[in-house]
Amino acid sequence: MGLYTMVAWRSLRRHATYRAATAAGAFTNTSFGFIRAYILIALWTQRPDIGGYDVTAAVTFCFLGQSLIAAVGAFLPTVSAELTDRIRNGDIAIDLFRPADFQGWWLSHELGRAVHALIFRGVPPLLIGAAFFDFTWPAGWRVAAVVLSIALAIVVSFGIRYLVTLTAFWLLDAAGPAAIAMLAGTFLSGLLIPLVLLPGWLGTVARSTPWAATIQSPSDIWLGVYDGAGVLAILGLQVLWAVLLLLTGRRLTEQARRRVVVQGG
Amino acid sequence: MAEAFARLADAVRAFGLLCWAWTRAAWQYPTSLLLLTVGQAMATTLDVLAIVVIFANTDELGGFSATEVLFLYATTSTSFAIADTLLGTAERLGRHIRSGAFDVMLLRPVSALVQVAADTFSPRRLGKLVPALAALALSLTSLDTEWTGGRILMVPVMIICGTLIYCGIWVLGASYQFVAADAAEAMNVTTYGGNYVTQYPLTVFSSEWVRALTWVVPLAFVNWYPALYVFGRPDPHGYPSAMQFASPIAALLALVAAGFAWKAGVRHYRSTGS
């Protein structure tokens, strides 16, 4: 097993240890799903076809969002609280010395966490939601597109949170940028309300942000709102954001590396 | 009886002192405190934003107008912000138990609940009050109802009762962590989820939910029933109009239940060891 696969596997095993917390999280995500679903149903009863969704699509969208919360770390503004602590207290100097790529290490760590979250916190809300409401399911090539889109969503989310985490090298405490990123993320990802509810250019701008690539994009592909070319465009935008964010992260890592001062004595 | 009141007064005094100490500590970093307060205010504003976007697409939701929903949002959020400032840190009980800090709290001559509630108290939580009060002012001036003396009086009464109900729910949630410290997140359903549910007219939800929010977790008494009185509307689910005045009873019951749960929790608490 290669180093990075090992890191990802260990991260998955580590997150699998907290079973009660995982169950509580899945329960909470599911319950909020019900609240959101009822609000959306009330809205779609008034206006049965806003933004190209019917009521079934709106409810499916809502539970998809609840299933992806943990995997894309919607409420985890940094890569890991442990990492921000290590930057603040200086232990990061040791990490930067390790014979492994710093960004690659944490990306692997994140992928392990996300796979665990996708299975154990993502599947329950979706299944329970589907037991109570009518859902729209993807079929044929769309299934593959959804899988690819979710994988890209996880990488884009890591890309954003990695940048937020690195601000700690300059600010010592990433709490400020983290709070702003989380607010932007909650709204622009489509988690709070489907972005199709936003009118005109506001909606277009919101759907082009990297946050939209974390929840709105995979959900839109799942719901079959777009044809083949539309799906390709969404995937393309996700790839673009993933590459841009990871490259920016690499450059910032190099600059951060030069900022670290090791105090000895 | 007199002794009970003296104990209560002591607890309130200790709570005030602890909160003041934590406020002074937070004030050591004024910029950070200010930014975090703004952050809290903005987080609550997101909920209004959701309501605004919904009403940009429709004129009514569940049979209620935008101003009525704004009033529901404003009242529940005001109550929630106050209760969250007073007792919100109680959600960290699980952490105190794991780290052993709770053992230390039990040894001190101040109620453990007061210590848990005041721990890392920060005035930044009051930031949540800003959008809530702004929405309250806006909805009160634009609400289409006949303002009788009773209805005017109902507004402060429902906010106070709502605050007490939320306080009860925070303490119940904290007590639950004596049993399941690792599953603390599940209590978010009744606290944050409760605040979310009550921002919308209950006609939106299924009748099972309305029953649960009335008889199991009395969140419907935070604002739904008293608001129906303020709006001058008959109950859409056919509950008697006496329910619209029952919030003080619900608040009392919530506090009594919370008191018993906390006492039982502390009695059965076993330290995690050294």
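Predicted model: local features only at pLDDT ≥ 70, side-chain atom pairs only at ≥ 80, totals over all residues.
1. Residues of H8(B), including B:Met158, B:Leu164, B:Ile165, B:Val171 and B:Phe178, meet residues of H12(B), among them B:Pro248, B:Ala254, B:Leu255, B:Ala261 and B:Trp262. By type, the residues of this contact divide into 18 nonpolar, 4 polar and no charged.

2. Now for the geometry of that pair. H8 of chain B covers residues 149-179 and H12 of chain B covers residues 247-267; their axes come within 8 Å and cross at roughly 20 degrees. Angles under 35 degrees count as roughly parallel, so H8(B) and H12(B) are roughly parallel to each other. The crossing of H8(B) and H12(B) is left-handed.

3. B:Ile165 and B:Val171 turn up again in the largest nonpolar core, which has 145 residues. Along with B:Trp170, A:Ala58, A:Ala153, A:Ile154 and A:Val156, they touch the most other members. Helix H7 of chain A (residues 141-166) gives the most to this core, with 14 residues. There is also a second, separate core of 6 residues, which includes A:Ala24, B:Ala184, B:Ala186 and B:Val189.

4. A:Ala153 is worth a look in your viewer. Setting aside neighbours within four places in sequence, A:Ala153 is in contact with A:Leu68, A:Val72, A:Ala213, A:Thr214, A:Ile215, A:Ser217, A:Pro218 and A:Gln238.

5. Finally, the meeting of the two chains: 28 residues of chain A are in contact with 30 residues of chain B. On the chain A side, helices H2 (19-46) and H9 (175-188) each supply at least two residues, and H2(A) has the largest share, 15 residues. That side of chain A divides into 21 nonpolar, 6 polar and 1 charged.

Terms used. Residues numbered from 1 in each chain as written. Chains lettered and ligands numbered in written order. Core = buried A, V, L, I, M, F, W, Y, C linked by C-beta atoms within 7 Å. Buried ≥ 20, exposed ≤ 12 C-beta atoms within 10 Å, placed from the backbone. Helix = DSSP H or I, 4+ residues; strand = E, 2+ residues; numbered from the N terminus. Contact = placed C-beta atoms within 7 Å. Nonpolar A, V, L, I, M, F, W, Y, C, P; charged D, E, K, R; others polar. Axes fitted to C-alpha atoms, helices over the stretch in contact; angles between N-to-C directions. Parallel < 35°, antiparallel > 145°, perpendicular 65-115°, else oblique. Left-handed = near helix turned anticlockwise from the far one by under 90°.
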